[in-house]
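Trainee: I have a fold open on my screen and would like to learn how to read it. Can we go through it feature by feature?

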Amino acid sequence: MTQKHYKGIGMYKTILGISALAFLAGCTGPSVTPPSPMNDDQSKSYNASYDSVWESTVDWFAMNNIPIKNIEKASGIIGSEYSLGSNYSQVNCGIIDGGDMHIVKDVSVVANINVIVRNSGNFTTVRPNVFGHGNASLMDVWNGYPSNIKLENCVSTGELERSLQTYLSQHTG
């Protein structure tokens with residue numbers, strides 16, 4: 001082969017390499033757009049005794065099948081951590097985008113609920129705090145390989161807090 005022919009092959013490889021890089025640069029990878037935090041103060045005071053509000057708060061956990069992980073009446077703290085179903089609406093973990101090369105196969109989320117009950121003179125104040133974390137399972141569309149994205153800082157949608165406050169409004173006093 002002539003030297004001119006080798007230069008043509010080298011030029012072809014360079015153009016092919018640059019084209020491949022440009023194509024791959026255009027492919028976006030998986031990402032998560034974080035959610036906006038809920039800024040509402042979910043505290044509410046009830047004109048009821050501490051014992052009445054405490055018992056109703058514990059009942060709410062039971063009525064909603066939410067397992068209690070930590071409970072201490074003297075300090076007024078109830079805590080829970082539980083896995084949400086696939087159609088969860090209690091927390092927002094952001095927008096999951098598989099990018100150009102992945103599809104989202106499954107999302108698993110764990111919600112944490114901490115409730116503080118405090119005696120405030122003639123009233124009892126309840127302050128729920130809901131947050132979570134999770135994992136999104138992805139699959140590469142080219143080779144079928146699985147990958148994962150951690151979903152950190154999932155924020156409350158206010159659903160659980162509203163449910164608790166509605167229940168307490170109806171069952172305390």
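Trainee: Let's start with the hairpin of E8 and E9: how many residues sit between the strands, and which one takes a positive phi?
Mentor: There are five residues between those two strands, and Gly144 is the one with a positive phi, near 80°. Helices (H or I, at least four residues) and strands (E, at least two) are DSSP runs, numbered from the N terminus. Bear in mind that this is a predicted model, where local features need pLDDT of at least 70 and side-chain atom pairs count only at pLDDT 80 or more, while totals for chains, interfaces and linings use all residues. Residues are numbered from 1 along each chain as its sequence is written, and side-chain values use heavy atoms, with hydrogens and water left out.

Trainee: In what sense do E8 and E9 pair, and over how many bridges?
Mentor: Two strands pair if DSSP finds at least two bridges between them. E8 and E9 run antiparallel over eight bridges, and Met139 has Pro146 in E9 as its bridge partner.

Trainee: How many salt bridges does a search of the whole structure find?
Mentor: Side chains of opposite charge can pair when their charged atoms come close. The cut-off here is a side-chain nitrogen of Lys or Arg within 4 Å of a carboxyl oxygen of Asp or Glu, and the search finds three. One of them joins Arg127 and Asp41 at 3.4 Å, N to O. Arg127 lies in strand E8 and Asp41 in the loop between strand E1 (31–33) and strand E2 (44–46), so this pair ties together parts 86 residues apart in sequence. Arg127 is partly exposed at 45%, whereas Asp41, at 53%, is exposed.

Trainee: And where do Lys73 and Asp51 lie?
Mentor: Lys73 is in the loop between strand E3 (70–72) and strand E4 (77–83), and Asp51 is in helix H2, so their pairing links parts 22 residues apart in sequence. Their side chains meet in a salt bridge at 2.9 Å, N to O.

Trainee: What about aromatic pairs: how many are there by the rule?
Mentor: A pair of aromatic rings is described by the distance of the centres and the angle of the planes. Rings of Phe, Tyr and Trp (its six-membered ring) pair if their centres lie within 6.5 Å; planes under 30 degrees apart count as stacked, over 60 as edge-to-face and the rest as tilted. The count comes to two. Tyr50 and Trp54 are stacked, 6.1 Å centre to centre with 15° between the planes. Trp60 and Phe61 are edge-to-face, at 5.1 Å and 85°. Both Tyr50 and Trp54 are buried, and so are both Trp60 and Phe61.

Definitions and conventions
Buried < 20%, exposed > 50% of the residue type's maximum accessible area, 1.4 Å probe, protein only.
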